[in-house]
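Please have the sequence and the model open while reading.

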Amino acid sequence: MEMTFEARIGLAEENGFSLRPRAMAIFSSSWELPLVAVCQVTSTPDKQQNFKTCAELVREAARLGACLAFLPEAFDFVARDPAETLRLSEPLGGNLLGEYTQLARECGLWLSLGGFHERGQDWEQTQKIYNCHVLLDNKGSVVATYRKTHLCDVEIPGQGPMRESNSTIPGPSLESPVSTPAGKVGLAICYDMRFPELSLALAQAGAEILTYPSAFGSVTGPAHWEVLLRARAIETQCYVVAAAQCGRHHEKRASYGHSMVVDPWGTVVARCSEGPGLCLARIDLRYLRQLRQQLPVFRHRRPDLYGSLGHPRS
């Protein structure tokens, strides 16, 4: 597979109160910042071929010096229908996660596995699965799991209906941000990005990096993808990492792609080219903390006025 990637470094420009990031030449000090890799793939129902593709990208990320690699939602497979989804699903202790555990250990880097079709402990009773974001450390240990809480049941003209709940159970809770070599990572999945309450809760719990592994559609992608990711970064003052599916998975489904990293100012500092590949970004937590100090929006919040925003409209 031909690798396509670009490395863009997000650094801060400090002029008085101005902290607008810009692209800059790579200074020696920038290499001290942690490097993350965002992988873009086109999953199919062929699980072994999907693993081969993802493993090549992860190995390339390790060769380039990344400490953490992000894979998109449905990195394991994209099925043709709910019945095939259920048939191909596995428990966390199954063979596929075992292969990724070995891969993380072999490459010596952390892996964000953005949306695994998980047969949970209630599989026998429910015959439904969870959309599970799994975080592995560089020894291959599972350090966190988040089960997608907002399921995508929508009807978009031109994109076809999506009924994730036909095969999937919503997760019961959020996962506390996890300390990684790149910073504290808050876990979410795709459709979750439409709910700012979730991103704000993760930021208030200490997240410095929000991650939205996704499989966005061809209609909502051009309209909403980048603007939502940039909004989540600006309002939380976090880095946002979004690994995405791209291209045609099979005759029934295609995805938008455009994997990216957004810095806390809302600037896109890395973006994948068309097709499978990866992009790289450095995470500057000193810049994040400086921005939060100079623009202290979390200290200015008024939960006494809008603390019930998560409730449905009457």
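Buried means under 20% relative accessible area, exposed over 50% and partly exposed in between, with a 1.4 Å probe and protein chains only. The model is predicted: local features need pLDDT of at least 70, side-chain atom pairs count only at pLDDT 80 or more, and totals for chains, interfaces and linings use all residues. Residues are numbered from 1 along each chain as its sequence is written, and side-chain values use heavy atoms, leaving out hydrogens and water. Helices (H or I, at least four residues) and strands (E, at least two) are DSSP runs numbered from the N terminus.

**Sheet**

- An open sheet of six strands runs in the order β10-β11-β12-β13-β16-β17, with mixed pairing; two strands pair if DSSP finds at least two bridges between them.
- β10 (178-180) and β17 (268-271) are the edge strands with a single partner each, so one side of each has no neighbour in the sheet.
- From one strand to the next, the twist averages 25 degrees.
- Three bridges join β11 (residues 183-187) to β12 (residues 209-211) in the parallel sense, and Leu187 has Thr211 in β12 as its bridge partner.

**Helix α6**

- α6 (residues 220-236) packs on the sheet and touches β12, β13 (239-242), β16 (260-262) and β17; contact means heavy atoms within 4.5 Å.
- The directions of α6 and β16 make about 30 degrees; axes are lines fitted to C-alpha atoms, for helices over the stretch in contact, and angles run from 0 to 180 degrees between N-to-C directions.
- Buried residues of α6 are Thr220, Gly221, Trp225, Leu228, Leu229, Arg232, Ala233 and Thr236.
- Seen down the helix axis, these buried residues fall within an arc of 125 degrees, so they line one face of α6; the arc is taken from the directions from the helix axis to the C-beta atoms.
- Pro222 and Val227 are exposed, on the face turned away from the buried side of α6.
- Gln237 follows α6 and has a positive phi near 55 degrees.

**Helix α5**

- In α5 (residues 196-204), Leu198, Ser199, Leu200, Leu202 and Ala203 are buried.
- The cover over these buried residues includes β7 (142-147), β11, β12 and α6.

**Thr168**

- Thr168 lies in the loop between β9 (160-163) and β10.
- Its relative accessible area is 6%, so Thr168 is buried.
- Not counting residues up to four places away in sequence, Thr168 touches Lys128, Ile129, Tyr130, Asn131 and Leu151.
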